[in-house]
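Have a look at the structure first, and then read on.

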Amino acid sequence: MKTAYWIQKTHLFDSDEYICSSCRYISDIPYKTCPNCGRPMKKVKYDASWVDEAEGMSALMDEDW
Ligand SMILES: [Zn+2]
């Protein structure tokens, strides 16, 4: 079974978000399995490169495609 991981995105004035590395579902809580695609989550990876929202999304796309 394929697995995925959460990409932790922190905000200065908002609560953290966790993004599924597989389907890009955004969750407030790092569940053990993704509620959207159902893949088991192996870990939470903190991504400090979220400087720019658009830049972050394209980096995420590059990783999968
Ligand atoms: Zn997912």
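Predicted model: local features only at pLDDT ≥ 70, side-chain atom pairs only at ≥ 80, totals over all residues.

Helices (H or I, at least four residues) and strands (E, at least two) are DSSP runs, numbered from the N terminus.

Residues are numbered from 1 along each chain as its sequence is written.

A residue is buried if 20 or more other C-beta atoms, placed from the backbone, lie within 10 Å of its own. Of the 65 residues in the protein chain, 11% are buried. Trp6, in strand S1, counts as buried because 25 other C-beta atoms lie within 10 Å.

A nonpolar core is a set of buried Ala, Val, Leu, Ile, Met, Phe, Trp, Tyr and Cys residues joined through C-beta atoms within 7 Å. The largest one has six residues: Trp6, Ile7, Tyr18, Ile19, Cys20 and Cys34. Strands S1 (4–9) and S2 (17–20) each give two or more residues to this core, and S2 has the largest share, three residues.

Two residues are in contact if their C-beta atoms, placed from the backbone, lie within 7 Å. The table leaves out residues up to four places away in sequence.

| Residue | Touches |
|---|---|
| Trp6 | Tyr18, Ile19, Cys20, Pro30, Met41, Val44 and Lys45 |
| Ile19 | Trp6, Ile7, Lys9, Arg24 and Ile26 |

Trp6 and Lys43 are 37 residues apart in sequence, yet their C-alpha atoms are 6.3 Å apart in space.

Notes. Buried ≥ 20, exposed ≤ 12 C-beta atoms within 10 Å, placed from the backbone.
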